[in-house]
Amino acid sequence: MSNGGQKLLSVTDLRVGFTTEDGRVQAVDGVSFDLAPGEVLAIVGESGSGKSVTAQTLIGLTRSPNTTIEGSVRLDGEELTELSEPELQRIRGSEIAMIFQDPMTSLNPVYTVGKQIVEAIRAHERSVGKAEGRAKAVELLDSVGIPDAERRVDDYPHEFSGGMRQRAMIAMGLTLEPTILIADEPTTALDVTIQAQILKLIQDLNRSRGLATILITHDLGVVAEVADRVLVMYAGRVVEEGTLEEIFYDPQHPYTWGLLGSLTRLDQPRPERLPQISGSPPSLLHLPKGCPFRPRCPHEFSKCSEYPGLEARLSDSPSHRDRCWLEPEAKRAKRQVEGRIGLEAPAS
Amino acid sequence: MSVEPSNPDLTDAAEPGPAGTAASSSGTGEGRGPWSLALRRLSRNWSALFALAVFLFIVIACLAAPLWANQVAETGPNETHPLEKLHVDGEVREVVEPSGAPIGPQWLEAGGKFFLGADGHLGRDEMVRLLYGGRASLFIGVTAALITTILAVVLGLLAGYFGGKTDALISRVMDVIWAFPVVLLGISLGVVLAVGGLKIGPIHISGSSLWIPTIIIGVVYTPYMARPLRGEILALREKEFVEASVAQGAGPLRIMFSELLPNLLSTIIVFFTLNIANNMLLEATLSFLGAGVQPPNSSWGTMISEGFDSLYSHPILTIIPGTMILLTVLSVNIFGDGLRDALDPKSKVRFEARSGTVEPEGTAV
Amino acid sequence: MLRFILRRLVGMVFVLFAISVLVFLIFNVVPATNPAQRIAGKNATPQLVKSVEEDLGFDKSLPEQYLTQMKLIFTGELESYTTAHENVDERILEGIPATFSLCIGAAIIWLSFGILFGYLSAIRAGKLTDRALTVLSLVGISMPVFWLASIFLYYLTFKVELFPASGYVKLTEDPMEWANHLILPWVTLAVLFIGFYSRVLRSSMLDVMNEDYVRTAKAKGLNNRRVMTRHVLRNSLIPIITLFGLDFGAVLGGGAIVTESIFNIEGVGLYAAEAIAKQDFPPIMAITIFGAFFIVLFNAIVDIAYAYLDPRIRLGTSAA
């Protein structure tokens, strides 16, 4: 679990901007967080909140002439944003592994799964021979729970089921025993039953290998299963962060209430209609003045025209920070909707 | 010469146009229609605009051929001047020397007469022939593109809309034509029709008519446009707005013309443009081989063919009409490229790919 | 896999049949003139017209005409009537070595340079290299072949005598001269395709660069060159292979007519060009059919090669 001083990865005031045809888009706007060894950090938000861009920027995948990256990403004290491309290539896969949302499209259809794993090994350890690499691939596939790995290693990705492909992706990520795994929506494209298996696998790896994990998701249900700490992102900024307990039992930001309210929970009676957050995320090209959640927030008041800083607003939990002007007492009252946490529908 | 049977430029353009995407996504340009967005993109593409200007200049010059012929050169495209002499600054120049060698370019020295010289022992004015030949080449290029477009749209709509047996029949026929080398098909038709002309019902087109190569070229390229259109229609057919229209009791014609066609418009425009370029090249090839434009008509292709016989003594007679074809086709291709970039919503993706940017947030949620 | 090949071959036979019918119709039914008269030539005697009528079966029903003519073509008995009963199939066979020499050489050139330019253009997308190559490839596809050939002939064989002007030397006679005579024709024929292929490859690579598996490859820590070659280029080559099969078939099957006739290479194309000039129909008909057959054959080969290149197709069909 989260243990204070020790930091593996430290992100400070990360800002990522894209120049597009229609103007400059600030996809990530001042995100900071630390990751401790063995910790599972979840970054939660809707599509367009900047969570995937944040994750991909960590290993330099968003670099391009049209991208401006500011701020700092430190891995064991080494500044990643200043590394050259070849130096980053050394980090990718060996220190930080990343797996992606859609296992259907994330593996190259023209190579066997085994070949793609061997390729990952040989990208970092030239001395590894083909046979040795293959043996390692079999071992890895076996370790992520692929049955009959000795035979399946020579299969093509399309011969694997979705869940197996995601396992293969994870196996590929583990080849060089990285210290950090970034999982970008690892379960979104999978069936519910498979989702649970993959999450279990990630959790097992986290426990058995002490693999620090950044889990990117839009689904708080996924977060509840595995995360130690949670970052909630909206329109490129962190709007709330805290431990799993803090976020789930004492959420401070109305957007978090909305996310929680739209969860189906087994421990509470199911509401008649699953509430959704009304409206859609703002266009990053035309952000509203002040709090960007304002147009969708039923609790909006005069102060919201100013954007609040990310601060600890509860005296008893300094690690729990949020960006909402409402008083903690007011929040506790307003977030109760039909006997559970949620965001009321707008008055109109 | 091979006019590629598998024209990637054409197949490449077979993506849903802006009208199609307008329905599915609000896009980035809020408040602006897809067409004005395309126009804005095009207006920023200076090379495409320059190409368009070059093409229009060539078209206008060729349309003004009679003006040049009557006012400046004072001769027609088929008028021969084997014995005529030019008086330039008191000097006498023979249009055709006794040896049979034609006069070279006079530029404006003879008041515009024989601007590019004469075309051979017949002493015809090369410039006048070039302008008139351009009319034929451009006529065939544009008209054949129109024929292709009409045929392809009708066949594509029928096959894509009705599906089933209609689709199977049309598609199989298209497959067979597709398997044909374009040049060979054009040549075969050109050769047989040049002899006896074409009879369609009561209409009889003589073998030397410009319409023969025009129709041939128009037909030969039809599958290359009909196939991708059919594919696009099949995809559109599944869209909600078409189903809604069906549910409201709209008939097939109504759906085809008021629902499907507008969504195909941008693809059609791009195809049409690129088609003009390909048509002009095919016309030149056929004419060069003698299976295209027939005497007494002439086109840039036939001019090259005639000039080729005296390539070593008068290379200009081959190179000038060839350069005109190159310039025209190149300008159409560049403009067509710009048009596609402007109309094709995927060009935005390409723009990002160009710089290696990952799309901000995938398709999550 | 075997079933896939078999199915493809059956499809091929069907298309071949359809093509032969189409060619038959074009030459015998579409024109508004008497076919026997046309085939016998402008100055034919009534006896010659009569013998054409009998040989090609114009006095019988259309299906019988079709069968008679196809039998003549495929048994090698078709004759040209305007040139003293010359055997058409023999002339075609004689031309094949020259045509193959021209087409294979040109294909090697256009494939290598097309892929090279397309690759460079894609990895330098938006930069100066890319812009220059894009303009060059547009010029390439906009250039009439005979224009380029004329310029080559005039400047490189006449003004500066760098290459022999024309003609074909058999490979078996003198390999050096064979190549020397073919360099200009090879380049002439290849230019158009170099332009096309580099454009197709560029756009295909730019599409593939956006694929998730390319991102995976980068995330694995592969260096840029490996990502580009092993993942982007490898997957972008599939459309190029398809194009190549079609185009190579088309060039063999008559697409090299202009090049052959300008450079005076005694191949099938030159024979076709001569026949066109003389309005001698039997050779044109036979060459059209054989040409179309080449294209269909290469289409089938491409489909099969495609299945090897893309395991999804290969295994998908064998399981089905």
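Visitor: In β5(A), what is the bridge partner of L75(A)?
Guide: The model is a predicted one. In β5(A), L75(A) has E78(A) as its bridge partner.

Visitor: Why are β4(A) and β5(A) said to pair?
Guide: Pairing requires at least two bridges. β4(A) and β5(A) have two bridges, in the antiparallel sense, so they count as paired. The two strands form a hairpin with two residues between them, and D76(A) in that turn has a positive phi of about 50°.

Visitor: What makes β1(A) and β4(A) a pair?
Guide: The cut-off is again at least two bridges. Strand β1 (residues 9–20) of chain A and strand β4 (residues 67–75) of chain A have eight, so the pair qualifies, in the antiparallel sense. Within β4(A), E70(A) is the bridge partner of R15(A).

Visitor: Why is α5(C) called oblique to α12(C)?
Guide: Helix α5 (residues 88–123) of chain C packs against helix α12 (residues 268–278) of chain C at an angle of about 130°, with the axes 7 Å apart. Roughly perpendicular ends at 115 degrees and roughly antiparallel begins over 145, so α5(C) is oblique to α12(C).

Visitor: Which residues of α5(C) and α12(C) meet?
Guide: From α5(C) come R91(C), I92(C), G95(C), I96(C) and T99(C); from α12(C) come V268(C), G269(C), L270(C) and Y271(C). The residues of this contact divide into five nonpolar, three polar and one charged.

Visitor: What share of chain B counts as buried?
Guide: Of its 365 residues, 54% count as buried. Chain B has 15 helices and four strands.

Methods: Residues numbered from 1 in each chain as written. Chains lettered and ligands numbered in written order. Predicted model: local features only at pLDDT ≥ 70, side-chain atom pairs only at ≥ 80, totals over all residues. Buried ≥ 20, exposed ≤ 12 C-beta atoms within 10 Å, placed from the backbone. Axes fitted to C-alpha atoms, helices over the stretch in contact; angles between N-to-C directions. Parallel < 35°, antiparallel > 145°, perpendicular 65-115°, else oblique. Contact = placed C-beta atoms within 7 Å. Nonpolar A, V, L, I, M, F, W, Y, C, P; charged D, E, K, R; others polar.
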